[in-house]
Amino acid sequence: MERLQKIIATSGYCSRRKAEELILAGKVKVNGEIVRELGTKASYEDVIFVEGKSISKKEDKVYYLFNKPRGVVTTSHDNLGRKTVLDFLPEDERIYPVGRLDYDTTGVLLVTNDGELTNLLTHPKNHVEKTYIVKVEGILLKQDLEKLCKGVVIDGKKTSRAKAKIKKIDKKTNTTLLELKIYEGRNHQVKKMLEAIGYPVKKLKREKFSFLTTQGLLSGEYRTLSIKEVKKLYQEAKQESSNH
Ligand code: URA
């Protein structure tokens with residue numbers, strides 16, 4: 001069960017704030033009854049009408065796995081006119097990225113019109129594993145690797161458990177390549193974690209999101225997820241939220 005305004009916003013009908021206005025104005029019906037209470041909860045299976053239009057009429061869901069190139073923004077629009085991930089995907093769908101990757105980060109990005117799955121996967125309680133390959137400046141010391149695993153303070157709050165291992169040390173270029181698995185999705189998390197222990201990130205790639213990889217996809221290419229993969233993502237998202 002979710003708050004009604006969230007279900008309406010998730011359907012893509014309007015923003016959450018606008019949905020609240022519509023509820024207060026008596027413009028929302030759940031299973032045939034007008035609802036005016038802002039705290040009301042409903043389920044995605046309920047029949048919901050907003051301003052006389054059904055929002056529960058399920059639009060076909062689409063799920064894309066995109067191999068994001070460098071130099072592309074993850075937002076739907078960019079005021080500076082830079083390329084967005086949506087420029088690479090079929091145009092006619094009301095789709096949006098699940099979470100963010102930085103402009104210069106490459107790799108696995110999920111893009112969908114499924115608001116429920118997006119909410120599950122991006123909810124702070126969710127701990128889906130994200131695997132990053134990170135190239136940093138400097139030779140990473142063992143004790144610093146441990147710090148990453150135990151948690152470092154970024155934006156005044158300690159990061160939760162992580163897994164890190166060194167893949168390659170290059171003394172000539174004074175860089176280290178490492179694999180970092182994190183279970184949160186804070187803003188610029190990987191860069192900030194490494195910055196916090198003194199190793200600026202030079203290159204960042206998300207190699208895996210849960211079990212999904214970019215295998216078979218060139219940079220800038222996408223594929224649709226199979227029904228089996230979508231089911232598995234739902235399972236993992238729900239499981240991860242209830243385990244923590
Ligand atoms: N962490 C970052 O710092 N940047 C990303 O794009 C993803 C995770």
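How far is an oxygen atom of the ligand from a polar backbone atom of His 188? It sits 3.1 Å away, and the views below start from there. This is a predicted model, with local features needing pLDDT of at least 70 and side-chain atom pairs counting only at pLDDT 80 or more, while totals for chains, interfaces and linings use all residues. Residues are numbered from 1 along each chain as its sequence is written, and side-chain values use heavy atoms, leaving out hydrogens and water.

View 1. Polar contacts here are pairs of N or O atoms within 3.5 Å. Besides the one at His 188, a ligand oxygen is 2.7 Å from a polar backbone atom of Asp 102. A ligand nitrogen has a backbone N or O atom of Val 190 at 3.1 Å. The protein covers 96% of the 240 Å² of accessible area (Shrake-Rupley, 1.4 Å probe) that the ligand has on its own.

**View 2. The shell around the ligand.** Among the residues surrounding the ligand (a heavy atom within 4 Å) are Leu 101, Thr 105, Tyr 132 and Leu 204. Helix α5 (residues 189-196; a DSSP run of H or I, at least four residues) gives the most to this shell, with three residues.

**View 3. Where two domains meet.** Domain 2 (63-124 + 211-243) and domain 3 (129-209), with bounds from an automatic or database assignment, both give residues to the shell, so the ligand lies between them. Their centres, taken over C-alpha atoms, are 22 Å apart. In this pair, 16 residues of domain 2 are in contact (heavy atoms within 4.5 Å) with 10 residues of domain 3.

Note on methods
Polar contact = N/O pair within 3.5 Å; in protein donor to acceptor, adjacent residues only side chain to side chain. Helix = DSSP H or I, 4+ residues; strand = E, 2+ residues; numbered from the N terminus.
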